[in-house]
Amino acid sequence: MADTTGAGLVAVEGPPILFHFRVSHYNEKIRWALDYKQWPHRRITLVPGFHIPKVRWMTGQNKVPVLLLHGKAIHDSTAILEEIERLRPDPPLFPEDPAVRKRAMEIENWFDDEVAPRHRRLFWSSYWNRPDYAARMASDGAGALAYWTWRVSFPVLKPVFHGNLGMSRQLLDEARGSLIRDLDQLESWIGPQGYLAGDRFSVADLTAASILTALIRPPQFPYPLPEPRPPELLELRAMIQDHPGFKWVLDIYARHRSKSSELPAEAALPGAS
Ligand SMILES: N[C@@H](CCC(=O)N[C@@H](CS)C(=O)NCC(=O)O)C(=O)O
């Protein structure tokens, strides 16, 4: 098969390759699942805004995460998690009992569809008028050229991001207004064993905790934000830091965020998986 990665790999035979934004909470779902299942994989860091030609060419749409698995490019974190589970069922992330499984997937969808856009919007709002901070955050891991290109392009990219992220005053106010409500909802779902669906760690917990990293950033999140962070971001974090839902995220990360199974670049050649 032809090289579809631009990374010199014949992807059909090699280990999974994750195309991701380091900063992103949807992408963290996939990193965590691969690490949880100890599935050796490669990661290719993309820079928001500049990712579009490659991702569109691979998948016909613009969003990451994208996982290249046995020559097939899969997008959408929910679909990717299902495929990972199918190919690597142990340890399981999806509950066996159909009713609990259905509940876990409902919770996953709620965090993906409702909570994630709100928290991402607030996260980006704290960088909105700080182009230097924004360029360091967005280009993290991609080098000095990416930093400077991003820094110079930000004013031009802003209208695109404005539409994509929903940065209107009304949507931002709504997102801020539902911060505590979202965590109250989460808290109401925590079961006696500390999990959201059933009595063990599942896709529901992984998704909720990943999505909430936009503002919480537990110490085990694999890519710490460049310092200093915008004061507006610290202020948002301070608004929720005493909430039991915030503490739940820290606890789930401390107990279940496995160490990385990312391969060093040279080990990711065909046949290395
Ligand atoms: N429903 C998708 C959402 C993914 C998503 O929104 N990804 C964002 C990063 S957080 C993205 O790639 N945005 C770039 C763009 O829309 O051009 C999923 O679960 O994977």
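Val160 has 11 other C-beta atoms within 10 Å, so it is exposed. You will find Val160 in helix 6, residues 144-165. Now look for Tyr253. Val160 and Tyr253 are 93 residues apart in sequence, and their C-alpha atoms lie 33 Å apart in space.

Keep in mind that this is a predicted model. How far does the confidence reach? The mean pLDDT of the chain is 93, and 93% of its residues reach 70 or more. Two stretches fall below 50. One is residues 1-10, which has 20 contacts in the model beyond near neighbours in sequence. Another is residues 267-273, with 17 such contacts.

Next, step back to the whole chain. The domain assignment gives domain 1 (17-92) and domain 2 (98-256). Their centres, taken over C-alpha atoms, are separated by 18 Å. The contact between them takes 16 residues from domain 1 and 24 residues from domain 2. Which elements give two or more residues to the side of domain 1 that touches domain 2? They are helix 1 (25-36) and helix 3. Helix 1 gives the most, with 7 residues. By class, this side of domain 1 divides into 7 nonpolar, 5 polar and 4 charged residues.

Now go inside. In soluble globular proteins, nonpolar side chains tend to be buried together. The largest nonpolar core here has 60 residues. Among them, Ala33, Ala208, Leu212 and Val249 touch the most other members. Helix 9, residues 203-216, gives the most to this core, with 10 residues. Domain 1 and domain 2 both give residues to the core, so it lies between them. Setting aside residues up to four places away in sequence, Leu212 touches His119 and Val249.

Follow the chain past helix 4. Arg130 sits in the loop between helix 4 and helix 5 (131-138). Is Arg130 buried or exposed, or something in between? Arg130 has 17 other C-beta atoms within 10 Å, so it counts as partly exposed. Arg130 also shows how the fold brings together parts of the chain that are apart in sequence. Arg130 and Pro230 are 100 residues apart in sequence, yet 7.9 Å apart in space, C-alpha to C-alpha.

Some details of the backbone deserve a look. Start with two prolines. The peptide bond from Val64 to Pro65 is cis, with omega near 15°. Pro65 is in the loop between helix 2 (52-59) and strand 3 (66-69). A cis peptide bond also joins Glu227 and Pro228, with omega about -5°. Pro228 lies in the loop between helix 9 and helix 10 (231-240).

Then turn to phi. His70 is not a glycine, but its phi is positive, near 50°. His70 is found in the loop between strand 3 and strand 4 (72-75). With 15 other C-beta atoms within 10 Å, His70 is partly exposed. Asp76 also has a positive phi, about 85°, although it is not a glycine. Asp76 has its place in the loop between strand 4 and helix 3. Asp76 has 17 other C-beta atoms within 10 Å, so it too is partly exposed.

Definitions and conventions
Residues are numbered from 1 along each chain as its sequence is written. This is a predicted model: local features need pLDDT of at least 70, side-chain atom pairs count only at pLDDT 80 or more; totals for chains, interfaces and linings use all residues. Helices (H or I, at least four residues) and strands (E, at least two) are DSSP runs, numbered from the N terminus. A residue is buried if 20 or more other C-beta atoms lie within 10 Å of its own, exposed if 12 or fewer, and partly exposed in between; C-beta atoms are placed from the backbone. Domain bounds come from an automatic or database domain assignment. Two residues are in contact if their C-beta atoms, placed from the backbone, lie within 7 Å. Ala, Val, Leu, Ile, Met, Phe, Trp, Tyr, Cys and Pro count as nonpolar, Asp, Glu, Lys and Arg as charged, and the others, Gly among them, as polar. A nonpolar core is a set of buried Ala, Val, Leu, Ile, Met, Phe, Trp, Tyr and Cys residues joined through C-beta atoms within 7 Å. pLDDT is the predictor's confidence in each residue, from 0 to 100.
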